[in-house]
Amino acid sequence: QVQLVESGGGSVQAGGSLRLSCAASGYLASTNCMGWFRQAPGKEREGVASIYIGSGSILYADSVKGRFTISQDNAKNTVYLQMNSLKPEDTGMYYCAVRPGGCGIYRTLPEGYFGYWGQGTQVTVSS
């Protein structure tokens with residue numbers, strides 16, 4: 001069983017940056033996909049970025065392309081989400097999640113495909 005712990009959230013002004021971390025305990029296979037999701041108040045949870053552990057293949061939501069970067073440190077069993085040029089619409093609770101298998105083809109698979117979730121970390125971007 002995998003346990004996930006997110007950290008790195010906070011409050012920033014528009015244009016600022018944050019780096020989120022997701023530390024996984026337990027076995028994280030190379031055939032796993034780790035994803036970052038976010039949920040704004042009153043909205044559905046959406047996939048932001050994901051990475052296939054074995055190949056490093058990455059998917060981004062259109063809304064964050066060019067601003068967010070997902071990366072992994074296999075030695076630390078940790079996945080990061082570097083968020084630059086933050087906008088108020090990036091505000092929300094950010095969660096990491098893991099699933100066995102691929103992340104998707106053109107976009108990250110919906111949340112229902114992911115079985116293990118962290119507790120979330122809040123990101124607030126003010127204008």
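Select C22 and C96 to begin: the torsion about their S-S bond is about 65 degrees, so this disulfide is right-handed, a disulfide being a pair of cysteine sulfur atoms within 2.5 Å. The pair connects distant parts of the chain, with C22 in strand β3 (residues 18–25) and C96 in strand β9 (residues 92–100), 74 residues apart. Here the strands, which must have at least two residues (E), and the helices, which must have at least four (H or I), are DSSP runs numbered from the N terminus. The sulfur atoms of C22 and C96 lie 2.0 Å from each other.

Before going on, note that this is a predicted model, in which local features need pLDDT of at least 70 and side-chain atom pairs count only at pLDDT 80 or more, while totals for chains, interfaces and linings use all residues. Residues are numbered from 1 along each chain as its sequence is written, and side-chain values use heavy atoms, with hydrogens and water left out.

Both C22 and C96 are buried, where buried means under 20% relative accessible area, exposed means over 50%, and partly exposed lies in between (1.4 Å probe, protein chains only).

How many disulfides does a search of the whole structure find? It finds 2, and the next selection is therefore C33 with C103, whose S-S torsion of about 115 degrees makes this disulfide right-handed. This pair also links distant parts of the chain, from C33 in strand β4 (residues 32–39) to C103 in the loop between β9 and β10 (116–117), 70 residues apart. C33 is buried, with a relative accessible area of 0%, and C103 is buried with 6%. Counting the bonded cysteines along the chain, the disulfides follow the pattern 1-3, 2-4.

Strands β1 and β3 run antiparallel and are joined by 5 bridges, and two strands count as paired if DSSP finds at least two bridges between them. In a regular strand the side chains alternate between the two faces of the sheet.

Select Q82 next, in strand β8 (residues 78–83). Is Q82 buried or partly exposed? Its relative accessibility is 27%, so Q82 counts as partly exposed. Leaving out residues up to four places away in sequence, Q82 touches S17, L18, R19, R67, F68 and T69, contact meaning heavy atoms within 4.5 Å. Q82 and T69 are 13 residues apart in sequence, yet their C-alpha atoms are 5.0 Å apart in space.

Move on to G15, which sits in the loop between β2 (10–13) and β3. At 51% relative accessibility, G15 counts as exposed. Beyond residues up to four places away in sequence, G15 touches S85 and L86, and the C-alpha atoms of G15 and L86 are 4.9 Å apart although the two are 71 residues apart in sequence.
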